Amino acid sequence: MMLRRGFILFLPRLVGLLVVTCCSMSIVYMLACTPKGDNQQRALPRVHSPTVKEGYEAILQEQEEQHRNYIISLKKQVAQLKAELQGRTEQLKSMQNQYPDSLDIQFDHSKPEKAQDNLLAFLRSQVDKAEVHSGVKLSTEYAAVPFESFTLQKVYQLETGLTRHPEEKPVRKDKRDELIEVIELAVGSLNKPAGVSKAKPRVYTASDFVEGIYRTEKNKGTLYELTFKGDAKHQFKKIVLFRPFGPVMKVKNENVNMADTLINVIVPLAKRASKFRQFMQNFREMGIQQDGRIHLTVVYFGKEQMNEVKSILENTSKSANFKNFTFIQLNEEFSRGKGLDVGARFWKGNNVVLFFCDVDIYFTAEFLNSCRLNTQPGKKVFYPVLFSQYNPSIIYGHQDSIPSLEKQLTIKKETGFWRDFGFGMTCQYRSDFINIGGFDLDIKGWGGEDVHLYRKYLHSNLMVIRTPVRGLFHLWHEKQCLDELTPEQYKMCMQSKAMNEASHGQLGMLVFKQEIETHLHRQKLSNKKT
């Protein structure tokens, strides 16, 4: 009885214990088997778990990595800002060094806004110096910088350039884009409302542009004055714009070693043995004796006078101990382009500077260095503008005798002219010449091949250096324009022949020679009577 009563009292406790045990097992099962979501917060490791240390370390490492990446990103941004600030500071320092008196510029590296204000002040000073608001005193009539005028279609210019036209449509893209930009800016300025007005404002367009003038002063900037149609007859709108130039900036500072840079002078030739003898005298003195880093390639067409030419070459070789020459003979009609192309491709050595030359050219040792300095493989080719000599018998006809050749080679308007229409004398690396495709071998005879090659270089990514040089001369010789030339070639030949004889004034003296002599005769008679 007592046992039964004790069992009855223990039964509820047993049931409660079983219920608690089942609930605990259910909770453990749910915790163990429920999958974790991607965005579910990671549970902290239990205090007594053996993985508590590794878990905390993993979390700390991940957070530390995130902070490290963020710090690296900030450092990069700070470095970029410092570099940009340094670049602007260098520009302003250069400006301060170049113009210490024009502006009282103080550079505070901690205040970039102040530096920007100083730069704007400098640009405004350029406006004041450029006669935008008032004129300045000039010493002579030659000190005035002339304006050029332009319309929507044409530019009227004093410096005619290669085209020789006093008026032209701007063919150079930089000039065309410049004037279009200025006109568009002026139209935009006219259409910007000046104040509050109830009247409907007039809308200006480029068709309202009448004319403009502009001039560039190399150390100040470009001044533009543009005139537009006004609101009524005889009324106009004038807009004055100025593009100031900034201070000179250093772009590059490098050492250039040309001690081992060889030049291969290539000369195509047919007959003209006497001219070749004169050329070799110049080549020996300037190329062999003074320069010494030179090779000569002669490409000879035909056989007439060939032995005489070879003899001149061999005699120079023996007397000057010069072995760096190549003689190539072609049994075909003369073609300058073909001769230069054959001579360039014949070279089997390392990459070399090619100087395409003619037998009536005189060069100095200084020019050979210019040839080296203005060429760079894959980057630059050199197209010098040579000085072309007038006919010495006309220039020095009033003297007792014609001076020696060395004394004739002076750069004056009475003695010659810059041959800016010629593109035959050029320096380039052989690799650039081969890569560009060489000469057009379909062109025969005189003229045209040089222009085609020049255009190839212009259409490439190479920089073309075009500049007059003081050490390269075209010696005068009587020019024969053959009947076999095409009409275009014959016209070019005759134009070249006319320009080679003498200056405009000297030719005028020949044309009016009889009138001048008549005048002088009358003067003598008049003096005798008195």
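This is a predicted model: local features need pLDDT of at least 70, side-chain atom pairs count only at pLDDT 80 or more; totals for chains, interfaces and linings use all residues.
## The H5 and H6 helix pair

Helix H5, which spans residues 273–291, and helix H6, which spans residues 306–320, have axes that come within 10 Å and cross at roughly 20 degrees. Because angles under 35 degrees count as roughly parallel, H5 and H6 are described as roughly parallel to each other, and their crossing is right-handed.

On the H5 side, the contact is made by Ala273, Phe276, Arg277, Met280, Arg284 and Ile288, while H6 contributes Glu308, Val309, Ile312, Leu313, Thr316, Ser319 and Ala320. Sorted by class, the contact of H5 with H6 has eight nonpolar, two polar and three charged residues.

## Loop residues with positive phi

Lys271 lies in the loop between strand E7 (263–269) and helix H5, and its phi is near 60 degrees, a positive value in a residue other than glycine. With a relative accessible area of 40%, Lys271 is partly exposed.

Gln305 is located in the loop between strand E8 (294–301) and helix H6; although Gln305 is not a glycine, it has a positive phi of about 65 degrees. The relative accessibility of Gln305 is 31%, so this residue counts as partly exposed.

His477 is placed in the loop between strand E15 (463–474) and helix H13 (487–501). Its relative accessible area is 13%, and His477 is therefore buried, given that the cut-off for this class is under 20%.

Leaving aside residues up to four places away in sequence, His477 touches Arg272, Lys275 and Asp360. With Asp360 there is also a polar contact between the two side chains, at 2.5 Å.

## Helix H12 and its cover

Helix H12 comprises residues 449–458, and its buried residues are Glu449, Asp450, Val451, Leu453, Tyr454 and Tyr457. The elements that cover these buried residues include helix H7 (336–346), together with strands E10 (353–356), E12 (380–389) and E14 (426–429), as well as H11 and E15.

Helix H11, one of the elements included in that cover, spans residues 430–436 and contains Asn435. At 66% relative accessibility Asn435 counts as exposed, because the cut-off for that class is over 50%. The C-alpha atom of Asn435 is separated by 9.3 Å from that of Gly378, and these two residues are 57 residues apart along the chain.

Conventions: Residues are numbered from 1 along each chain as its sequence is written. Side-chain values use heavy atoms; hydrogens and water are left out. Helices (H or I, at least four residues) and strands (E, at least two) are DSSP runs, numbered from the N terminus. Buried means under 20% relative accessible area, exposed over 50%, partly exposed in between (1.4 Å probe, protein chains only). A polar contact is a pair of N or O atoms within 3.5 Å; within protein, one must be able to donate a hydrogen and the other to accept it, and residues adjacent in sequence count only if both atoms are side-chain atoms. Contact means heavy atoms within 4.5 Å. Axes are lines fitted to C-alpha atoms, for helices over the stretch in contact, and angles run from 0 to 180 degrees between N-to-C directions. Angles under 35 degrees count as roughly parallel, over 145 as roughly antiparallel, 65 to 115 as roughly perpendicular and the rest as oblique. A crossing is left-handed if the near helix is turned anticlockwise from the far one by less than a right angle, and right-handed if clockwise. Ala, Val, Leu, Ile, Met, Phe, Trp, Tyr, Cys and Pro count as nonpolar, Asp, Glu, Lys and Arg as charged, and the others, Gly among them, as polar.
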